[in-house]
Amino acid sequence: MHNMNTRKTIIITIIRGMMARNLLKNDFYKILREKFNIVILTPAANDERFVEEFAHPNVKFVYFEERGHSLPDKIFVGLNKYLIYNKYIGLKLKHGIRGLSRPEDLSIFRYWLFKIIFKPLSKVRFLRDFVKLLDYLFVQRKDVKEFKELIKKENPSLVVSTSIMSDIETAVIKAAKKMKVRVVGMPKSWDNPSRAGFRAKVDTLVVWSDFMAEQSEKFQNYKRKDIRVIGIPQFDYYTDKSRIWSKKKFCNEFGLDINKPIILFTSEGKAIPEDKEIATIIHDFIDKNELKKDCQLLIRPHFFYKDEEKKFTHLLGKKNVVVDLSNNPSAGFRDHADYSWYHLERFMNSLYYADVVVNVASTIALDAIALDKPVIHFAYDVYKEMEKSHSLKLCYASDYNLEIVNSRATKLAESKEDFKNLLNRYLENPELEGVERQGLRDRFCYKIDGNSGKRFTDVIIKAIETV
């Protein structure tokens, strides 16, 4: 091992199990930990499983906790959000967030008041940076002070924030800037740049795709010269053929019939109670021989939500239906993500062997497209009360989902008959929309070549060299 004293130090935040899965299982982490001392700032620092999984002689783990919002926090979160007033913000104000907003949270008066105030103000772009400056100067002082002490102790050459939308990471970024330490930051998902204004700016913003780069310029006031497009690190392992099981092994693992086409349905958590009905509709199509091929249904619950698999209890043991119940939740993170290789490989192979992938406005559409699988987005209301209060169609009206819909790479099922016809269409010809899928890959994934993590590493090394 090299002399530890000659190595430069990097602080990296890992706030969710999803980020551990996406970045610490990746070449990004493997390369950096050989070149630098790394301090991983994480709520899982005291979690035995996490530490054992990612331990390395050049790595140490430091605990930090997410705290609730103070009143000033709430004010500045709101200001940052509404000053990028867009389709998503308008929809959220008017209809709330499914599964989270209560009817009493929604007010048509509030909607129009905020629209009248913030829609014009969102055109005055310098206000976004002015609010960030006030936030930087006056809010989160206690957290910033703690992180300044940590930075002073560790003396890093660079801070890497892997979830810059997070409020606690905002405090880390502020502390680094006050200590004159450069910050490289990344939104944790493709939809983040249009969901809210990020409370603190980083020196170099890393994004997955040209789409995210454009949205970061449009909504977050970044200049293109300060943005680096790298691809999607967690898609790197999709290019690793050694992780693809034989079809026989895959079917044995899940209890599937090797000779029947597979419809993969991925659920979306508490925001979409309709998941239960969608799975039932697919089962009924199969059971009543309404599909042109004798199929089987594989259901993958959204494991970040506790008890999500219980939506599908009524289908357990049914012919031609398998519910993936293999999940080993992590204790150290709020999302409880299972970051084991076995879990990742089960998911990858589920996509790889799927003939059609069905979901509601899910990021998994990008995973499926990465592996060139046909995607059907379920987009009609099976619960009539939802049609009145929050139609499924609204899920596809946000800035980021509209981009996917308009690409025509996926298909919207807008009625039961339409859904059946689309399933049959892809079962007969999975090549359909292949050109559009390639266009969507280029727009949203940049490159799927196994090197996104390495490109992220290159950004960090260059940032350190310029210090």
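Which residues gather in a patch of positive charge on the surface? Select Lys87, Lys119, Lys123 and Lys218: these four lysines form that patch. Keep in mind during the tour that the model is predicted.

Stay with one of these lysines, Lys119. Lys119 sits in helix 6, which spans residues 108-121. Its relative accessible area is 36%, so Lys119 is partly exposed.

Next, select Lys260. This lysine is in the loop that runs between helix 11 (247-254) and strand 8 (262-266). Is Lys260 buried or exposed? Lys260 counts as buried because its relative accessibility is 14%, and the cut-off for buried is under 20%. The side chains of Lys260 and Asn320 are joined by a polar contact of 2.8 Å.

The last two stops concern the backbone angle phi. Most residues other than glycine have a negative phi. Go to Asn155, in the loop between helix 8 (141-154) and strand 4 (158-161). Asn155 is not a glycine, yet its phi is positive, at about 50 degrees. With a relative accessibility of 61%, Asn155 counts as exposed.

Then select Asp307. Where does Asp307 lie? Asp307 is in the loop between strand 9 (296-300) and strand 10 (321-323). The phi of Asp307 is also positive, near 65 degrees, in a residue other than glycine. Asp307 has a relative accessible area of 36% and is therefore partly exposed.

Key: Residues are numbered from 1 along each chain as its sequence is written. This is a predicted model: local features need pLDDT of at least 70, side-chain atom pairs count only at pLDDT 80 or more; totals for chains, interfaces and linings use all residues. Side-chain values use heavy atoms; hydrogens and water are left out. Patches are made of residues with over 30% relative accessible area and no salt bridge: like charges are joined within 9 Å, nonpolar side chains (Val, Leu, Ile, Met, Phe, Trp, Tyr) within 5 Å. Accessible areas come from the Shrake-Rupley method with a 1.4 Å probe; for residues, only the protein chains shown count as cover. A salt bridge is a side-chain nitrogen of Lys or Arg within 4 Å of a carboxyl oxygen of Asp or Glu. Lys and Arg count as positive and Asp and Glu as negative; His and the chain ends are not counted. The place of a charge is taken as NZ of Lys, CZ of Arg, CG of Asp or CD of Glu. Helices (H or I, at least four residues) and strands (E, at least two) are DSSP runs, numbered from the N terminus. Buried means under 20% relative accessible area, exposed over 50%, partly exposed in between (1.4 Å probe, protein chains only). A polar contact is a pair of N or O atoms within 3.5 Å; within protein, one must be able to donate a hydrogen and the other to accept it, and residues adjacent in sequence count only if both atoms are side-chain atoms.
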